[in-house]
Amino acid sequence: MLLSSVPPLPTAPASSSSSSSSSSSSSSILHFLPSSTDPPYTLLENHPSLILLSQCESIHTLKQVHGHVIKTGLHNTLFALSKLIHFCALSPSADLSYALSLFRSAPQQPNPFIFNTLIRAHSLTPSPLHSLNTFSEMIASGVQPNSHTFPSIFKSCAKSKAPREGKQLHSQVIKLGLQSDPHVHTSVIAMYAKVGELGDARKVFDKSPLRDAVSFTALVTGYVSEGRVDDARTLFDEIPRKDVVSWNAMIAGYVQSDRFEEALDCFDVMKEAGVEPDQSTMVTLLCACGHLRKLELGEWIGSWVRDHRLSSNLQLTSSLIDMYAKCGEIDKARDLFDGVEERDVIIWNTMIGGYSHLCFYEDALALFDLMLRSNVKPTDVTFLAVLPACACLGALDLGKWIHAYVDRNLKSIDNASALWTSLIDMYAKCGSIEVAEQVFRSISCRSLASWNAMTSGLAMHGHADRALRLVSEMTDEGYQPDDITFVGVLSACTQAGLVDLGQQYFNSMTQDYKISPKLQHYGCMIDLLARSGKFEEAKSLMRSMDMEPDGAIWGSLLNACKVHGDVEFGEYVAEQLFQLEPENTGAYVLLSNIYAGAGRWDDVARIRTMLNDKGMKKVPGCTSIEVDGVVHEFLVGDKFHPQSKEIHTMLDEVDKLLGEAGFVPDTSEVLYDMDEEWKEGALSHHSEKLAISFGLISTKPGTTIRIVKNLRVCRNCHLATKLISKIFNREIIARDRNRFHHFKDGFCSCNDCW
DNA sequence: ATAGGGTTAG
């Protein structure tokens, strides 16, 4: 199967000029303009230029109107200038820099309206603190701020989390005696609540007699953002006449605190109170539906959206897509996505994230590709959804492309730490553990998650010593290890067979760090003990668990039974596994291998018959390899690749050279052993050998070949790959279901223990 | 002429 190729690395971000949409039709507006010979207009409001101004739909036409305003001398009136600036700064097609140039070239002292307009315009930009500069300029020009000035400026303080500036402005409000204006009052409360000064917000609220739903709601949101939902609820219950915004704030409060059931309960009470929900209510409810997998309510909201003719609303549609994806209804999500004509970046991110969330990684990458081809610029959120797909599929080239794109194009990243952590994880899972470490060393915003990703990456590659040193470096830097850190530590010990050390860490985790072991920790320990043949200790650890062992734990025990040839215990373990996971064919295969190892061929045949009777098919072995940004997948005996002929020619050559090097396939395995990969034909047709052969013909001699396999590597392939690495002088990095194998000069980094 | 509280993607 082929995935669409990676687009070339973009150079500079495409500077989208806003005027590109305006067409030549704009000239038609001009013949309505009065010439200078027209009669004078006494009422400025009715001047045709100003009427045209209010009808302007683009900045392009506005500039034409502006030219005419100058011709007629109207620009000398502050009224016309105000209109012009207001339009430029706040209309849907705003051009703030043009508004500012009009402001700078004003022939007279600007009026408060113009200052207020500019302050508000700045408050809506990504750098809202500029509105404080405009405010200072206003004061310096001797223009007095009024009740319209402060709400926007407090919004700026709130947006940029500036409590100091907010406090100073609050004292200005009191000096000017504007504190009893309802708009100013509410914006002060909201400002304090949003910059984390809930005490001040409460003081302002308590001191004033103004207690409408609006000021109440501002305070409710403050409690929510402090995580005090129950206090918010107490206050909410006191609101005399709750309007839709008050209800929305309360419902959102529950959602933000992950209390989704209560959010839905709150919605029920809202309906009983007879308050009509609006778009915001629905967006918030959809979030709760997704988390609770409440498909039915979600569908109901979907029909509400259609009934209210809001299907073109992108916010609602992306929330619906997210809800469907979280409920596992990916096709319904995609149908909605396909129905949207003008997609914004959020809706792309939602759909890609939906695929990634359900582990449909190929679809996620295909849609990401389509997104780039549609000239939509990806964001950090896009990459947070795409990188796990790269990591899972081993799409290293695409991952590298994203890394370069982030370095070049994303100047300020909202989720910088999460993004770097995803990159570290991607490099590690794609086999580039050294690059993963380079990235880890280069970043300034390391979080516990970054340390954890690096640790488990090293563990995956069998570098137990480096993983353990990293963790001690981490604790030296003052980070407190969490349960995930210990999963990395214990799996490092497991991969390297460090039994005593593993036990020490396990004890330290519970005793020193008071972390109660989870299933994964037990899994690592039981795997570690069983592999070393310490079955009794593994069993007693299992008995000490206060939870039921899962399939993975029984599976690792069964695997250990195979390695140590313990038939009796193996039969017992297999029985447990059959009961827990009747559909797990791997369990039958393992038991069959145990019988084969003991020469009990009748039992081998019995298991095979059992599998056939149940109509069970094993998961087909599949290996993927990325060449020039394209991911190629191979199945057992695959003949569907476009270059199949060349691949099989190479395969024959490989077999010939392997034979000359003394490689003898284990024929007993072919006859009796049912290893993880179903034996359909010759061993040389195993998917990893196909992928390696393809790699040999399509990459330069001497370069590293990276492959990803969905199952564990079988013994024959492991031996063959070691020899191939020597014969062809290639480093081969193979990821199997459990870990990495670095094949080089005839050896493997796992020391033949996996 | 202008201004207040609430909402989404991982």
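A: The model holds 20 aromatic pairs, a pair being two rings of Phe, Tyr or Trp (its six-membered ring) with centres within 6.5 Å. This is a predicted model, in which local features need pLDDT of at least 70 and side-chain atom pairs pLDDT 80 or more, while totals for chains, interfaces and linings use all residues. Residues are numbered from 1 along each chain as its sequence is written, chains are lettered from A and ligands numbered from 1 in written order, and side-chain values use heavy atoms, without hydrogens and water.

Q: How is the pair of Phe 486 and Tyr 513 described?

A: A pair of aromatic rings is described by the distance of the centres and the angle of the planes. For Phe 486 and Tyr 513 these are 5.6 Å and 55°, a tilted pair; planes under 30 degrees apart count as stacked, over 60 as edge-to-face and the rest as tilted. Phe 486 belongs to helix 27 (residues 483-496) and Tyr 513 to the loop between helix 28 (499-511) and helix 29 (519-531), so the pair ties together parts 27 residues apart in sequence. Helices are DSSP runs (H or I, at least four residues) and strands likewise (E, at least two), numbered from the N terminus.

Q: Is Phe 486 buried or exposed?

A: Phe 486 is buried, at 5% relative accessibility, whereas Tyr 513 is partly exposed at 27%. Buried means under 20% relative accessible area, exposed over 50%, and partly exposed in between (1.4 Å probe, protein chains only).

Q: Which residues form an aromatic cluster?

A: One cluster consists of Phe 368, Phe 383, Trp 401 and Tyr 405.

Q: How does one read the packing of helix 35 and helix 37?

A: Two packed helices are described by the angle between their axes and the distance between the axes. Helix 35 (residues 644-660) and helix 37 (residues 687-698) cross at roughly 100°, their axes coming within 9 Å. Axes are lines fitted to C-alpha atoms, for helices over the stretch in contact, and angles run from 0 to 180 degrees between N-to-C directions.

Q: Which residues of helix 35 meet helix 37?

A: Those in contact (heavy atoms within 4.5 Å) include Leu 651 and Val 654 of helix 35, and Leu 690 and Phe 694 of helix 37.
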